[in-house]
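The sequence and structure come first.

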Amino acid sequence: MMRVVLAPDSFKGTITAADAAAALAEGWASIDPSAEFVHRPMADGGEGTMAAFAAAVPDAERMPVVVDGPAGVPVSAHWLLLPPTADAPGGIAVIDLASTSGIELLDALRPWDADTTGFGQAIVAALEHGVSRLVLGIGSSASNDGGTGMLTALGARFLDSSGAAVARGARGLVDIAAVDLSGLRTAPQVRVLTDVTNPLAGPRGAAAVFGPQKGLAGDEIGHVDAALLRLAGLLGLDPELPGAGAAGGTGGALVAWGATLAPGAAEVAELIGLADAIAEADVVITGEGSFDGQSGDGKVPSYIAGLATASRATALLAAGRIAADSDTALFAASASLTTLAGSSDAALADPERWLREAGALLARSV
């Protein structure tokens with residue numbers, strides 16, 4: 001009997017990690033009905049992080065909150081309250097930036113005006129509830145604001161050369177001449193889960209690497225990069241700090257607040273006992289919506305491939321698309337839903353069907 005661990009990330013905007021795991025298992029079972037499946041849906045700090053914690057902690061409670069969304073309209077969201085522990089008597093709050101300030105909340109990109117204010121408002125709600133610790137997932141950001149919206153919600157003030165408050169988003173970021181942190185809330189113990197290691201500024205920084213995904217183009221990238229570098233100086237932050245460029249610079253803003261950055265995939269994997277599950281497995285299947293050149297930089301598939309190698313389990317990959325610049329060498333076999341479906345539109349229209357096909361294909365491969 002083959003033991004198969006199913007540990008995909010969510011396929012952003014199309015199917016949850018749990019549903020992706022179920023579809024892969026169904027497809028595998030159609031080829032190998034005797035297989036034993038262990039479901040460990042994953043996240044790395046982006047979309048689905050709260051869901052992974054909620055699945056792992058039975059007494060977790062969803063706390064509703066209405067915040068200012070990245071499209072400039074209110075968003076109904078929630079944060080997750082984990083039960084008190086000896087070192088966190090007020091409980092632990094888990095908050096996804098994706099659910100309050102995420103790119104999936106936009107109908108159209110807003111590179112200059114989307115901001116992280118809603119994320120900060122959700123953090124404030126958790127602090128006012130009295131939590132002792134924060135666990136923050138900051139993947140899937142919609143904005144290029146350097147985390148200034150979040151810090152503003154927490155009490156910071158960002159001023160232009162005339163002493164007036166700047167506008168929200170990257171539009172205001174480029175006008176910042178001074179920062180007033182006198183009203184900033186004191187940070188509790190804050191752990192930030194991020195899926196990238198990019199610095200705040202420079203050729204691998206937030207604007208250069210992630211800005212185009214959020215709508216920046218041409219000279220705009222350089223203008224925002226220069227503004228992020230200036231912001232680092234005003235906040236006393238090292239612009240080369242790995243992870244500071246996550247979420248349009250929100251990673252750096254959180255460090256300036258007093259938070260600690262941590263690899264998101266590793267933190268979630270530890271919580272759900274993934275290493276122990278893989279240690280007893282013959283095969284582990286992971287995946288995400290788009291496996292590309294960035295997927296080897298702290299994201300779920302590369303992390304899980306490393307765990308599989310350490311346990312001498314066979315690592316397999318199923319992804320919505322597998323880009324030409326990606327490195328699949330860590331996987332014994334891979335399956336692209338786009339290739340199986342014949343087009344990206346077809347794959348996106350029915351991801352469960354094509355994940356089942358991918359599961360069957362991967363079963364045949366071993």
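## Terms and model

A pocket here is an open set of grid points with protein on both sides within 12 Å along at least five of seven lines, and its lining residues have an atom within 4 Å of a point. Helices are DSSP runs of at least four residues, numbered from the N terminus. The model is predicted.

## Second largest pocket

Helices α1 (17-29), α2 (49-56) and α3 (97-101) each contribute at least two residues to the lining of the second largest pocket. The most comes from α2, with four residues.

The volume of the second largest pocket is about 430 Å³. Its lining has 26 residues, and T16, E47, G48, A51 and D96 are the ones nearest the centre. By class, the lining of this pocket comprises 12 nonpolar, nine polar and five charged residues.

## Largest pocket

The largest pocket has a volume of about 630 Å³. Of the 28 residues that line the largest pocket, K12, S140, D195, Q213 and K299 lie nearest its centre.

At least two lining residues of the largest pocket come from each of α9 (246-257) and β11 (283-291). The lining of the largest pocket consists of six nonpolar, 12 polar and 10 charged residues.

R356 is part of helix α15, which spans residues 351-365. R356 counts as partly exposed because its relative accessibility is 28%, and partly exposed is the class between buried, under 20%, and exposed, over 50%.

Beyond its neighbours within four places in sequence, R356 contacts A23, E26 and G27. The C-alpha atoms of R356 and A20 are 8.7 Å apart, although 336 residues separate the two along the chain.

Terms used
Residues numbered from 1 in each chain as written. Predicted model: local features only at pLDDT ≥ 70, side-chain atom pairs only at ≥ 80, totals over all residues. Heavy atoms only, no water. 1 Å grid on protein atoms, 1.4 Å probe; cavity = no way out; pocket = protein on both sides within 12 Å on 5 of 7 lines; lining within 4 Å. Points joined across faces, edges and corners; volume = space filled by probe spheres on them. Nonpolar A, V, L, I, M, F, W, Y, C, P; charged D, E, K, R; others polar. Buried < 20%, exposed > 50% of the residue type's maximum accessible area, 1.4 Å probe, protein only. Contact = heavy atoms within 4.5 Å.
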